[in-house]
2 protein chains.
Amino acid sequence: MKVAVIGLGLIGGSLALDIKKAFPTSVIVGMDTNKQHLSKALELKIISSEITFEELNTADVVIVSIPVNYAISEVSKILDLVNESAVVIDVGSTKLPICEAVKMHTNRRQFLATHPIAGTEFSGPDAALLGLFKNKTNIICDIEKTAPQLQKRALQIFEAIGMNLRYMNPEAHDKHIAYVSHLSHISSFMLGKTVLEKEKNERDIFDMAGSGFASTVRLAKSSPKMWTPIFQQNKTNVIETLEEYINNLNHFKTLIQNDDFEGVFKEMEDTNYIKQVLKGIY
Amino acid sequence: MKVAVIGLGLIGGSLALDIKKAFPTSVIVGMDTNKQHLSKALELKIISSEITFEELNTADVVIVSIPVNYAISEVSKILDLVNESAVVIDVGSTKLPICEAVKMHTNRRQFLATHPIAGTEFSGPDAALLGLFKNKTNIICDIEKTAPQLQKRALQIFEAIGMNLRYMNPEAHDKHIAYVSHLSHISSFMLGKTVLEKEKNERDIFDMAGSGFASTVRLAKSSPKMWTPIFQQNKTNVIETLEEYINNLNHFKTLIQNDDFEGVFKEMEDTNYIKQVLKGIY
């Protein structure tokens, strides 16, 4: 099995490592518009060699792991180039725009839209981790629109690297992921911004930051290049979640302002239920 | 050295464990209004025996690690009871109210206000951890108001358990800690609330939550009993930080609404500077 990975960052690089481990006889090749990332991926043996667009017709599996704005145009081009038994898998964080973009493509049945929910706040091939996907969820969208043999090949790969598969339509994916992923990133970025702004005038503030702050602000280290097009493509859902979040913050502020500390207590007590919910995540 | 720990939760319990390790000949005793916590602390050998208020005059060091609303009244009572060479150390998350409360006490010079910045989202003696304070910061307030011999004894203890000491007035402490600790807790609680509210109608949303969400929402597991009086005592600063945070979120939302994605990119790129800042924290 020859697997071509387009985009050798955290996700593409980690997939390459895991697939090679699960399928030792497979050949993993790749490309990246960032030449430093490409050299690094070769140096770290994430891929065995480079592949060009012209050679893509030799691949059995093509994984597209690039920022979602580029995926929109690149996936269609790649579907034009691959051989008729290859499967093209996208792994971006938004699913409706890519599914819409390939909807009318002649080779639509060779495409599978997925979102492996795994990652760290780091990026690039240096950040690639063996085992990143173990016990993580992969959301598979519009499975019925992919040819059965190619569904099978793709899903076997994700199962072999330890992922739990869930099926969902792209609209539901984009709506739900706005809550559990996109909103977390914005809340973290804006927390980081608020504290950094304050720090300009108040030296030493970070001496006082503990592990709680570090944990809450961790996602503010994430790549703007990756996240800007995600917010752009999922604009409507992101704005809706942000409005609900801001309303909740304003309500909490009003409770404090009105000295309603029973209300403040109750808000936190009710939200403690998140403990039960999070048990399954780590 | 006999050390009495009032309040055997995460912080009190962890201090007891660390002090015993650093001073093997010390005797660590304690009390807790929660009888289950007291039994648990005895069972886990966090303390060697119970101490009553009547016996507090036998202690050389008294550590008060109880919710900040109780600390206000209890510290004054304890200062009435201890012998004249004992030091009473408070370790709560707000510092101005406690410093105000003991300001006119006859034994003010036997009191030291501190804030060891360490913890987890868990609570109670089960959550106590040996080594919790190693390489963490302890903010010492109004050091000059404590008798030199007692300053020395208290600071020796904190140095022996591995803490870095910083000196600050209580006003500055409460203002800065609102940014790096209190705001993180509120942002996390409200993120948890927003997602839980959504989940009522949307099953399976948490299957999609990854480690990023878990990290951002971790502090929403914290104890409402501990945090409500902190927000109450630090009301003015907390409201100020919340307002800045909400303004930043509204601005980010407006950028998205106006399709100003260069602006969105820049906000995130600027905030990535937090990477440098966080390097020192873990």
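Which residues do ring pairs link into a cluster with Phe231(A)? Ring pairs join Trp227(A), Phe231(A) and Phe252(B) into that cluster.

Hello everyone, and before we go on, a word on the model. It is a predicted one, where local features need pLDDT of at least 70 and side-chain atom pairs count only at pLDDT 80 or more, while totals for chains, interfaces and linings use all residues. Residues are numbered from 1 along each chain as its sequence is written, chains are lettered from A and ligands numbered from 1 in the order in which they are written, and side-chain values use heavy atoms, with hydrogens and water left out.

Let's stay with the rings. Rings of Phe, Tyr and Trp (its six-membered ring) pair if their centres lie within 6.5 Å; planes under 30 degrees apart count as stacked, over 60 as edge-to-face and the rest as tilted. Over all chains, the structure holds five aromatic pairs. For Phe231(A) and Phe252(B), the ring centres are 5.9 Å apart and the planes stand at 85 degrees, so this pair is edge-to-face. The pair crosses between chains, from helix H8 (residues 224-233) of chain A to helix H9 (residues 235-257) of chain B. Helices here are DSSP runs (H or I, at least four residues), as are strands (E, at least two), numbered from the N terminus. Phe231(A) and Phe252(B) are both buried, and buried means under 20% relative accessible area, with exposed over 50% and partly exposed in between (1.4 Å probe, protein chains only).

Now look at Phe252(A) and Phe231(B): they also form an edge-to-face pair, with 5.9 Å centre to centre and 85 degrees between the planes. Phe252(A) sits in H9 of chain A and Phe231(B) in H8 of chain B, so this pair joins two chains.

On to the interface. How many residues of chain A are in contact with chain B? The count is 89 residues of chain A against 89 residues of chain B, where contact means heavy atoms within 4.5 Å. The area buried between the two chains is about 8700 Å², and carbon and sulfur atoms give 69% of it. Buried area is the accessible area (1.4 Å probe) that two parts lose on being put together, summed over both. Val180(A), Met208(A) and Met268(A) supply 8% of the area that chain A buries against chain B, more than any other three residues.

Ser187(A) counts as buried because its relative accessibility is 2%. Leaving out residues up to four places away in sequence, Ser187(A) touches Tyr245(A), Leu191(B), Thr216(B), Tyr245(B) and Leu249(B).

Last, charges. Side chains of opposite charge can pair when their charged atoms come close. A salt bridge here is a side-chain nitrogen of Lys or Arg within 4 Å of a carboxyl oxygen of Asp or Glu. The whole structure has 28 of them over all chains, and eight cross the interface of chain A and chain B. Lys253(A) and Glu243(B) form a salt bridge, their closest N and O atoms being 3.2 Å apart. Lys253(A) is buried at 13% relative accessible area, whereas Glu243(B) is partly exposed at 32%.

Within chain A, Glu121(A) forms a salt bridge with Lys221(A), at 3.6 Å between the closest N and O atoms. That pair links distant parts of the chain, 100 residues apart, and both residues are buried.
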